[in-house]
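Reader: I am new to protein models. Could you show me how to read salt bridges and pockets?

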Amino acid sequence: PIATVFSSIFLIYTLNIATLRLFLWQRPLKEGFYREGSPEEFTYSVYELFYLILLNTLTTNKLMPIPLMRIIYICLGAGLGKNTYSSGIIFDPTMIQIGNNTILGFDSVLCPHAVEGSKIFCCKIIIGNNVTLGMRSIVLADCIIEDNAIVAAGSLVKKGTHIKAGETWGGIPAKLLPTKIITAEETIVNSKQSIKFAS
């Protein structure tokens, strides 16, 4: 009986993911504003129903192992590079493109859509290689984060933000943080001072 229940759950999710992907292949989500009553709004409404009724429980639960979540997000249409993992939530996976060796920290959120009055705005989020999103950070629609960038824990990256390669951003809303390059001599001095204070 237990095997039957788990097999049924697996089959239900698999069929729904396949149906959603087929629907989005015929009617892909487009970037921009979806006006009330437009064909784009209809497409997004059908897509949203799939998420609200079934797929949301799959992508927001804390029980699924992170490597398995990677596979699920790829099946849902997310472009995830090699060694890229998420311990957060990715909404609208077909609107997400992430490079290699990128980490999305615990409870981080990628949200490529926004409801603005009677209109829905949807735009891709593009993240490069070797990027780190700190835990509980939020990245909104139409953001680009280039290679080797860092978003500090608990930050909110506003819609339309462009974070350049190697930059560190943090805060609410996130802003460029000054970074100081520490020389080897400063590291030795700092470590000696730490030992002195500790004793």
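Predicted model: local features only at pLDDT ≥ 70, side-chain atom pairs only at ≥ 80, totals over all residues.

Reader: How many salt bridges does a search of the whole structure find?

Author: Here is the general idea: side chains of opposite charge can pair when their charged atoms come close. In this structure the search finds two such salt bridges. Asp 107 pairs with Arg 136, with 3.5 Å between the closest N and O atoms. Asp 107 sits in the loop between strands E6 and E7, and Arg 136 in the loop between E11 and E12, so this pair ties together parts 29 residues apart in sequence.

Reader: And which side chain does Lys 159 meet in a salt bridge?

Author: Lys 159 meets Glu 116, at 2.5 Å from N to O. Lys 159 is in the loop between strands E15 and E16 while Glu 116 belongs to strand E8, so parts 43 residues apart in sequence are tied together.

Reader: Now the pockets. Which element gives the largest share of the lining of the largest pocket?

Author: Helix H1 does, with six residues. The lining includes Phe 6, Tyr 13 and Leu 68, and the space amounts to about 370 Å³. By class, eleven lining residues are nonpolar, one is polar and none is charged.

Reader: What about the second largest pocket, by class?

Author: Its lining has six nonpolar, six polar and one charged residues. The second largest pocket holds about 160 Å³ of space, and H3 supplies the largest share of its lining, three residues.

Conventions:
Residues numbered from 1 in each chain as written. Heavy atoms only, no water. Salt bridge = Lys/Arg side-chain N within 4 Å of Asp/Glu carboxyl O. Helix = DSSP H or I, 4+ residues; strand = E, 2+ residues; numbered from the N terminus. 1 Å grid on protein atoms, 1.4 Å probe; cavity = no way out; pocket = protein on both sides within 12 Å on 5 of 7 lines; lining within 4 Å. Points joined across faces, edges and corners; volume = space filled by probe spheres on them. Nonpolar A, V, L, I, M, F, W, Y, C, P; charged D, E, K, R; others polar.
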